[in-house]
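Visitor: I have this chain open on my screen. Can you take me through it in plain words?

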Amino acid sequence: MPLIKLTFRPGINREVTSYTNEGGWYDCDKIRFQKGFPEQIGGWQKLSNTTFLGTCRSLHPWVALNRNSYLGVGTNLKYYIEFGGDFYDITPIRATVTLTNPFTATDGSSVLVVADADHGAVTGDFVTFSGATGLGGNVTAAVLNREYQVTVVDSNSYTITLSVTANATDASGSPGGGSVTAAYQINVGLDTTVTGTGWGTDTWGAGAWGEASSAPVVTSTLRLWSADNYGEDLIYNVRDGGIYYWDASAANPLDQRGVALSSLAGANTTPTIAKQVLISDRDRHIIAFGCDDEFSIGTQDPMLIRFSSQESLIDWQTRPDNTAGSIRLGSGSEIVCAVETRQQVLVFTDTTLYAMQFLGPPYTFGVNTLSENITIMSPNAAVAVQDRVYWMGQNEFYAYTGAVNRQPCWVRDYVFGDIDKTQAEKVVAGVNSEHSEVWWFYPSINGGGLVDKYVVYNFAEDTWYYGTMARTAWLDRGVNEYPIAAGLDGYLYEHENGINDGSVSPSIAIVSYVQSSPVDIGEGDQFSFISRMIPDVSFMNSTATVPKVQLTLSVRNFPDGTYFDSTTQDYVKTQSVPVEQRTEQLFFRLRGRQMSFKISNIERNVRWRLGSPRVDMRTDGRR
C-alpha cells in the first residue's frame, strides 16, 4: 500500500464539530503556525531576579537622551521604572503630614497603631515615615523610619506591622515617636473587578417585574495605568485618577517620585483626572481622554478629550494664541481607550469608534466617526500594528484596516464561551511582530478570576490558535531585544528567548501539543489497518542530547465514539543527523474507521516543528 501523507489545514477550528473539521487541527497549547505548519512557541526567561509588588497591567519603554533604557511598570499597588534589572518606585505622593507622637505599641506584638486624623488611606496603602524617634525598646528610630503598608482601623487610625516585636518599654513609651513626617502614596487600586447586580444590567424582560438583574454590573474598577514619554520624560496616568510627570533630567531621577502634572510651575487649567493619556507623536500634543473640563477642574467628563498646546506640558487653556483645545464625543457613555497609529488616533467609546486626526490651526484636531455599534472588551484589548488596529469585542473580534470589519475567527465560540466576563477588564492585547501575531490574554471561567489563557491571531497567515499562560501585560520587541510580558508571580519575562519555561530555576520544559480532528480512513465505510509511520519532525534549536517528541495515533469507529487502541511512541532524533533526512520509521498496530494525529512535547531543551508525516494503511477487517 502507498504511504499516505498527513496534511492538515493551518490554524485551529473550533467553530464546527471535530468530525466536521476533517483535515484540520482541533486543539492545541503553546504552539504557533508558520508557513502553514505547527511548531512549538519560543521559550521565556526572567528579565531579572528582582520582583515588583502587585499585579502589572501596564508596560511602557523608552530611551532617554543619555541612552538609558527605561521601562515604566504600572501595578495595582505601585508605579515603577525598571532600569538595569531593578525596579525604582516612582509612585506619586498624595499627601505629606506632620504627626506628633502617633505610635502606640503593645507589649509582645509587632502591630503598631498609628494615629492620624482624616488620614484618607485605604487598606493596602503605603506610607513612609521620617524624623521619628524610637519608643525606648525594640522599636527604634531605624525600625520606624521606613515604608510600611497600612491596615485601616477607622478614618483616624491604622496599623502597621513592624519587623520587630515591641516590649514593655515600647508600650510604656507609647504614644510616642516625636515629630514624625508621614508621606502617603496615592491610594492603591483593585487587583480584581468588583461586580454586583442591579436595575438596567440585563435585557428588557429577562426577569420578573421588580427583580434585580442577574447580569454583572461593574461597581469598582480595576487599577489600570496609561503612560507615554514626553521626549525623555514620562507622563503617566492612573485610570480615572491623576496625571503625573517624571523628569528624567532631574538630579538622581530614579530616586525621585512623579508629581502631579497640574503642580508644575506655570500650569494653566491642566487636567487633574483622566481615563488615559498619550502623546501625539506627529505634532507633540499631550492628549487626555475622559478628563475634567478647563472650566470644571476636578469634575470628570468621561466623553471629553483635551489636548495641551503644542510642545507644552503645562499650557492647557484654550486661547487664540496657542493650539490647546478640547473635543467632546457624542456617541457612547464613556471613552474606553485610545490607540495611536501612524496616521491618526483611534478613540473607542463603549459603542462607537472615532478617528482623531491633527488638522493644524485653528482647529488643531478633528474627529470622524468610523463605526457605530461596536464593542470592546477592556481598555487594554486593542493594539496597533502599524496602521492596522485589532481588538477583542464583547462577543467577537474586530480589525480596522481603513474600514472596520468583524474579523472571522475559527475559535470564536470556544474563546468567548471561556472568558470570565466579570473580570473582562483584565483582558490585555499585545503584538509579537517577529511572528506576525496579535495575542489576547484573558481570565477563563475556571481561572479563579486570574488571567490564565490566551488566544492568538496570526495576521500574516490568517490563522487562529490558543493556549494556557498567565500574563497580565505584554510589550513587543523594539527598545528591548525580546518581547516582554508580566507574570502573576511579580517577574517580567523575555519571550522568544530560549526554548524552555524559565519561570523556575533550572528551567523546565514547555509542555506543548497540537491535535488533529479525526480523518476518515478511506471513505469512512471500511476498517483500515495502520502499520507504520514515517515521521517528519524538525528539532530546531533543540539542545537536548537526544531531542524527542511524542507522536500519537488514535483510532475510533464512529464520530461520537471513544478513541481506542491509542498508541503513543517517542520519536527520537539525534542532533548529529540533518533534520531533513527522514529514514526512521515507527510501527503501529491500529484498526478503525477514523484516525486522529497528535504531536506533543514534555521534554526540556526541545523545540519542534512538524512537517508532513506519512502513514502506511491498508483496508482490513474489523478483527
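Visitor: Leaving aside its neighbours within four places in sequence, which residues is R32 in contact with?
Guide: R32 is in contact with F37, P38, E39, I41, G42, N432, H435, E437, W439, Y465, E496 and R607. Contact means heavy atoms within 4.5 Å. Before going on: this is a predicted model, where local features need pLDDT of at least 70, side-chain atom pairs count only at pLDDT 80 or more, and totals for chains, interfaces and linings use all residues. Residues are numbered from 1 along each chain as its sequence is written, and side-chain values use heavy atoms, with hydrogens and water left out.

Visitor: Is R32 buried or exposed?
Guide: R32 is buried, and its relative accessible area is 0%. Buried means under 20% relative accessible area, exposed means over 50%, and partly exposed is in between (1.4 Å probe, protein chains only).

Visitor: Which side chain does the side chain of R32 make a polar contact with?
Guide: That of E496, at 2.8 Å. A polar contact is a pair of N or O atoms within 3.5 Å; within protein, one must be able to donate a hydrogen and the other to accept it, and residues adjacent in sequence count only if both atoms are side-chain atoms. R32 itself is placed in strand β4, residues 31-34.

Visitor: How many helices and strands are there?
Guide: The chain has 3 helices and 54 strands. Both are DSSP runs numbered from the N terminus: helices are H or I with at least four residues, strands are E with at least two.

Visitor: And the whole chain, what does it span?
Guide: The C-alpha trace spans about 90 × 70 × 65 Å along its principal axes. Of the 623 residues in the chain, 54% are buried. For contacts between residues at least 6 apart in sequence, 61% join residues at least 24 apart.

Visitor: How many positive and negative side chains?
Guide: There are 46 positive and 66 negative side chains, and the centres of the two sets lie 10 Å apart. Lys and Arg count as positive, Asp and Glu as negative, while His and the chain ends are not counted. Each charge is placed at NZ of Lys, CZ of Arg, CG of Asp or CD of Glu.

Visitor: Next topic. Which residues have the most contacts inside the largest nonpolar core?
Guide: F348, M392, W440, V455 and F597, in a core of 83 residues. A nonpolar core is a set of buried Ala, Val, Leu, Ile, Met, Phe, Trp, Tyr and Cys residues joined through side-chain atoms within 4.5 Å.

Visitor: Where is H119?
Guide: H119 is in the loop between β13 (111-115) and β14 (126-130). H119 is buried, at 5% relative accessible area. Beyond four places in sequence, the residues H119 touches include R94, D154, Y158 and Y184.

Visitor: And Q407, where does that lie?
Guide: Q407 lies in strand β36, residues 404-407, and is buried with a relative accessible area of 15%. Q407 and Y390 are 17 residues apart in sequence, with their C-alpha atoms 8.7 Å apart in space.

Visitor: How exposed is L488, then?
Guide: L488 is partly exposed, at 36% relative accessibility. This residue is in the loop between β42 (484-486) and β43 (492-495). Among the residues L488 touches are T55, L450 and A470.

Visitor: What about the backbone? Which peptide bond is cis at P175?
Guide: The one joining S174 and P175, with omega about -10°. P175 is in the loop between α2 (168-172) and β18 (179-185). The bond from S505 to P506 is also cis, with omega near -5°. Most residues other than glycine have a negative phi, and most peptide bonds are trans.

Visitor: What is phi of K35?
Guide: Phi of K35 is near 55°, a positive value in a residue other than glycine. K35 is exposed, at 74% relative accessibility. E311 has a positive phi too, about 65°, and is not a glycine. At 48% relative accessibility, E311 is partly exposed.
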